[in-house]
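The stops below run in order.

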Amino acid sequence: MDLFRQAILRPEPPEEFALLTVQQAINPQKQTKLVQDENQLLENILRSLLQELVAAAVQSGQKVMQYGVSIADGESSQGQIPRLLDIVLYLCEKEHVEGGMIFQLLEDLTEMSTMRNCEDVFGYIESKQDILGKPELFARGKLVMLRTCNQLLRRLSKANDVVFCGRIIMFLAHFFPLSERSAVNIKGVFNTSNETKYETEAPEGISIDFNFYKTLWSLQEYFCNPPSLVNAPGKWHKFTSSLMVVLNTFEAQPLSDEEGNAHNLEDDAATFNIKYLTSSKLMGLELKDPSFRRHVLVQCLILFDYLKAPGKSEKELPSEAMEEEIKTSEERVKKLLEMTPPKGIDFLRSIEHILERERNWVWWKRDGCPPFEKQPEEKKLVQDGTKKRRPRWRLGNKELSQLWRWADQYPDALTDTKRVCTPSITDYWKPLAEDMDESAGIEAEYHHKNNRVYCWKGLRFSARQDLEGFSRFTEHGIEGVVPLELLPTEVRAKYQAKPSERTKRIKKEETKNSAQQAEENQIATPPSEIDNEVSRADLEASAAPMETDAGIATVNISQDETPTPEDNPKQSSDTDVAQEAGQTEADTEAETGLIDGETDAEVDLDAVG
């Protein structure tokens, strides 16, 4: 023990002398690691030394963690007890001694210290959280650390030591993994011992409605134990009637913006109390306090959320009439939260987000608290020429088999009508609309437009519910599909179609439609009209050769001046032949024009000429 007294006074780092001190004090069989008996002997020595140091600190009137700060060699930044803990922590981290030894010393130290000194001891534990949470140490001492923290919580006052209790709970949340069952309320048991006491008889000289006072504080009985409302129609009727009285009073006496702005929420955070005072004399002031109203309304939402929680058995589910009353009351509570200044809408969104996360935790606990951490799969090398055998599943693959087993455990969950629902287009695009608001200050890498699955689902919803917004995808991308009523004014103007462009597009479509209609009319012309045009073209074409031959004859007559009777038969025969030839060519051209869709007589005349 004397060797360790001298060691804690040395200013060097523990790694330079810690192992050597252990070897000199214990004389171990192995030079770098102690066996079980040697670990027990060393632990007894250290616990005795720690007890002596704490006793000396108490006698001197100094704080436990600051005892021995002044050393003969000069001023040191650490006391003797933190120095001893650092030496033991180094030995445990390097596995020279048993890993749970440091946790045992910390438990002894908290048991020997007052609550004022325990706060300093816990500060040391928080500073060494990363080292204590290493796997080689955590596996050895997690139960001891949990027992130490629970003992501290029992000793602390829930009303006066709220901050210290919060520090302990936050430490446990960071120290233990998410899948640790010891920190989970698996059965969902409520703390029914948390009773709220209030006045039952009206005192003299008060100016408030005492019946309303009793009605308001009587709600805490139901908030404390929500399961009591499920299978008790009488209690539920009494609760709803009391709740309606409170909501009607809140609606009849709304808070103004001036009252909300005059109430500083930062001051509330500095002087936070876990419970409100229930004196009837304070009722008038509490009704004007926005934080008080929010506490009552949030308790209502938590109660409703529990009653609507999925995955329950049929006995625990509310009736249809009860569900309708829950829905109506929940809407009124949310509307009151929006109306309560300051920043009522933002506060309601935060509460809804918290309740949504709470529902995920409920599902996780009812699934048996499966671990979140997934171990990396080791790829096994397949030998050449051998086929890898695929695992066989009962229903074809792993996911379907797990779903089938899960359905056997919770048969009512799969038949729940509220399990799967298609959201409205405004609710679905609301996160992306918030990302597009520059005042929100959301960084581009966290925008929902980067999520390809989210965008793909949104396009499908828009194609079914909002064709106008879906048509803006080609010009503006995924941000153009967001409904315009969700966007701020300065952002909305960017995605609204200009009147001139819309007019041009409409005219262009009308022109295109008229051209298509003209082509359809031309193609659909009646056969009788085509026959009339072809017959008229035949007549004109047959008349053209006759006129041409007649012109030639006139020229010949003018040259010969006196045609002979012998020339007349020849001339008439030539004329007849030319006429027949012209008629034949005209008929051929007419048939060709009819096949090609051309019935113009001028085309036939050019062919004959």
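Contact here means heavy atoms within 4.5 Å. Keep that cut-off in hand for the first stop, and note that the model is predicted.

**Stop 1: Val298**

Select Val298, which sits in helix 15. Val298 has a relative accessibility of 15%, and because buried means under 20% relative accessible area, Val298 counts as buried. Which residues does Val298 touch, once neighbours within four places in sequence are set aside? They are Phe347 and Ile351. Val298 and Leu337 are 39 residues apart in sequence, yet their C-alphas lie 8.5 Å apart in space.

**Stop 2: helix 17**

Colour the buried residues of helix 17: Gly344, Leu348, Ile351, Leu355, Val362, Trp364 and Lys365. An α-helix has 3.6 residues a turn, so residues three or four places apart point the same way. Look down the axis with that in mind. Which helices do the buried residues of helix 17 pack against? Show helix 15 (290-307) and helix 16 (320-339) for the partners.

Step off the end of the helix. Just after helix 17, Gly368 takes a positive phi of about 95°.

**Stop 3**

Go back to the loop between helix 16 and helix 17, where you will find Pro342 and Lys343. Most residues other than glycine have a negative phi, and most peptide bonds are trans. Check both points here. Pro341 and Pro342 are joined by a cis peptide bond, with omega about -5°. Lys343 is not a glycine, but its phi is positive, about 55°. Is Lys343 buried or exposed? At 65% relative accessibility, Lys343 counts as exposed.

**Stop 4: Glu95**

Jump to Glu95, in the loop between helix 4 (80-93) and helix 5 (101-112). Glu95 is another residue other than glycine with a positive phi, near 60°. Its relative accessible area is 44%, so Glu95 is partly exposed.

**Stop 5: an enclosed space**

Move on to the cavities. Rolling a probe the size of a water molecule over the atoms shows where empty space is left. How many cavities of 30 Å³ or more does the count give? It gives 2. The second largest cavity holds about 30 Å³ of space. It is lined by 10 residues, and those closest to its centre are Leu19, Thr32, Lys33, Leu34 and His96. Select those five names and centre the view on them. By class, the lining of the second largest cavity has 4 nonpolar, 4 polar and 2 charged residues.

**Stop 6**

Select Ser218 in helix 10 (residues 210-224). Ser218 is buried, with a relative accessible area of 15%. Where does its side chain reach? The side chain of Ser218 reaches the backbone oxygen of Thr215, at 2.7 Å. Beyond its neighbours within four places in sequence, Ser218 is in contact with Tyr198 and Ser242.

Finish on Thr240, in helix 11 (residues 233-252). Thr240 has a relative accessible area of 13% and is buried. Draw a distance from its side chain to the backbone oxygen of His237: the value is 2.8 Å.

Methods:
Residues are numbered from 1 along each chain as its sequence is written. This is a predicted model: local features need pLDDT of at least 70, side-chain atom pairs count only at pLDDT 80 or more; totals for chains, interfaces and linings use all residues. Side-chain values use heavy atoms; hydrogens and water are left out. On a 1 Å grid over the protein atoms alone, a cavity is a set of points where a 1.4 Å probe fits but cannot get out, and a pocket is an open set with protein on both sides within 12 Å along at least five of seven lines; lining residues have an atom within 4 Å of a point. Grid points are joined across faces, edges and corners, and a volume is the space filled by probe spheres set on the points. Ala, Val, Leu, Ile, Met, Phe, Trp, Tyr, Cys and Pro count as nonpolar, Asp, Glu, Lys and Arg as charged, and the others, Gly among them, as polar. Buried means under 20% relative accessible area, exposed over 50%, partly exposed in between (1.4 Å probe, protein chains only). Helices (H or I, at least four residues) and strands (E, at least two) are DSSP runs, numbered from the N terminus. A polar contact is a pair of N or O atoms within 3.5 Å; within protein, one must be able to donate a hydrogen and the other to accept it, and residues adjacent in sequence count only if both atoms are side-chain atoms.
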